[in-house]
Amino acid sequence: MSWQTLDRKSVPEGHLGPALSAAAQEKIRSFFPRYPTKRAVMLPALHIAQDELGYVSIQAMRDIAGLLEVPPAAVLDVVSFYTHFWTHPKGRKTIVLCRSLTCELLGSQALQTAIEQKLGIRDHETTADGEWSFMTEECLAACDYAPCLQINEKMHKCVRVEELDKLLADPQNDKLAMPRSDLYDRPVQA
């Protein structure tokens with residue numbers, strides 16, 4: 001066994017990934033008045049980057065570091081801490097399966113096995129066609145509806161293995177019944 005050495009200071013141009021758009025950077029700046037420091041905008045900035053790009057690229061981390069006036073390593077620290085953030089492209093739809101104790105007791109392990117077999121991917125992987133990604137999360141805060149999962153941001157409660165095919169085939173399985181909060185998607189003011 002040998003250790004692979006990573007050069008974190010010089011990244012080949014082809015591995016940087018896409019940069020944040022001017023609109024995304026302006027959206028991040030619009031959060032500055034709400035927080036006591038620019039650094040405190042880190043999580044909203046990472047959500048904006050992931051929403052725009054589908055993941056947080058190395059270039060996006062550099063862009064965020066520049067906007068927040070923090071070292072790029074500080075951004076990477078946060079990205080690598082939270083499983084929610086992806087450092088490689090996600091599929092068009094992402095299934096997030098809860099793995100809390102309640103969900104585990106009520107069948108999330110069987111659901112995970114069924115999802116992995118159905119899609120041919122494992123945790124934090126994406127199907128070859130780019131349609132689906134799959135991940136598990138510690139808790140989705142819906143223990144009274146266990147086992148639960150999300151497809152993108154839409155919660156599905158009391159999901160059974162027998163219902164999985166029908167759920168995945170539903171073209172509306174990721175559509176929210178109500179719009180997202182305008183607090184998060186606050187329009188950029190000119």
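The structure is a predicted model, in which local features need pLDDT of at least 70 and side-chain atom pairs count only at pLDDT 80 or more, while totals for chains, interfaces and linings use all residues. Residues are numbered from 1 along each chain as its sequence is written, and side-chain values use heavy atoms, with hydrogens and water left out.

Seven helices and five strands make up the secondary structure of the chain; helices (H or I, at least four residues) and strands (E, at least two) are DSSP runs, numbered from the N terminus. Their order along the sequence is α-α-α-α-β-α-α-β-β-β-β-α. The C-alpha trace spans about 50 × 50 × 30 Å along its principal axes.

Of the 190 residues of the chain, 39% are buried, that is, under 20% relative accessible area with a 1.4 Å probe, protein chains only. Among contacts (heavy atoms within 4.5 Å) with a separation of 6 or more, 65% involve residues 24 or more positions apart.

Helix H2 (residues 42-53) packs against helix H4 (residues 72-81) at an angle of about 75 degrees, and their axes lie 11 Å apart. Axes here are lines fitted to C-alpha atoms, for helices over the stretch in contact, with angles running from 0 to 180 degrees between N-to-C directions. H2 and H4 are therefore roughly perpendicular to each other, a term that covers angles of 65 to 115 degrees. Met42, Leu43 and Leu46 of H2 make this contact with Ala74, Val75, Val78 and Val79 of H4.

Terms used: Buried means under 20% relative accessible area, exposed over 50%, partly exposed in between (1.4 Å probe, protein chains only). Angles under 35 degrees count as roughly parallel, over 145 as roughly antiparallel, 65 to 115 as roughly perpendicular and the rest as oblique.
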